[in-house]
Amino acid sequence: QLADSGGGTVHAGDSLRLSCAPSQRLFSRSILAWFRQGPGKEREFVALMRWRGGSEFYADSVKGRFTISRDNPRNIGYLQMSGLKPEDTAVYSCAVGSEYTSSLSAYEYWGQGTQVTVVS
């Protein structure tokens, strides 16, 4: 349903871009979001936007460092991460849903997750 990719191991301060490619039938869903789950932590909201553009919303912990976007012609979503910190280490997953919310329970479709590790 969703294929997310782009994770890796980087140093603090580096940048990384994650990608999310939904299958054809998910295009009708309107909200693209990213969540993450750090080691020993619960999954938490990172960012969301309306798939057709606009209304970007971020968690306070990533505001000003991460940017959510999408390439409509290619139907790919992105999470550009800059100024990465060790505390950003987590498995990042994209999600698609119909409701504009940061609540993970509202999202119906999930990627398999991609590991991001930030070393100091």
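The model contains five aromatic pairs, a pair being two rings of Phe, Tyr or Trp (its six-membered ring) whose centres lie within 6.5 Å, with planes under 30 degrees apart counted as stacked, over 60 as edge-to-face and the rest as tilted. This is a predicted model, in which local features need pLDDT of at least 70 and side-chain atom pairs count only at pLDDT 80 or more, while totals for chains, interfaces and linings use all residues. Residues are numbered from 1 along each chain as its sequence is written, and side-chain values use heavy atoms, with hydrogens and water left out.

Two of the pairs involve W110 and are set out below.

| Pair | Centre to centre | Angle between planes | Class |
|---|---|---|---|
| F35 and W110 | 5.0 Å | 50 degrees | tilted |
| Y107 and W110 | 6.5 Å | 70 degrees | edge-to-face |

F35 belongs to strand β4 and W110 to strand β10 (residues 109–110), so their pairing ties together parts that are 75 residues apart in sequence; strands here are DSSP runs of E, at least two residues long, numbered from the N terminus. F35 counts as buried because its relative accessibility is 1%, and Y107 is likewise buried at 5%, whereas W110, at 23%, is partly exposed (buried means under 20% relative accessible area, exposed over 50% and partly exposed in between, with a 1.4 Å probe and protein chains only). F35, F45, F57, Y107 and W110 together make up one aromatic cluster.

Charged side chains also meet aromatic rings. R43 lies over the face of W110, 4.3 Å from the ring centre, and the charged end of R17 sits over the ring of Y78 at 4.1 Å from its centre; the criterion is that NZ of Lys or CZ of Arg be within 6 Å of the ring centre and within 35 degrees of the ring normal.

Beyond its neighbours within four places in sequence, M81 is in contact (heavy atoms within 4.5 Å) with D14, S15, L16, L18, R65, F66, Y92 and V116.

The structure holds one disulfide, defined as a pair of cysteine sulfur atoms within 2.5 Å. This bond joins C20 to C94 with an S to S distance of 2.2 Å, and it links strand β3 to strand β9 across 74 residues. With 70 degrees about the S-S bond, the link is right-handed, and both C20 and C94 are buried.

Definitions and conventions: Helix = DSSP H or I, 4+ residues; strand = E, 2+ residues; numbered from the N terminus.
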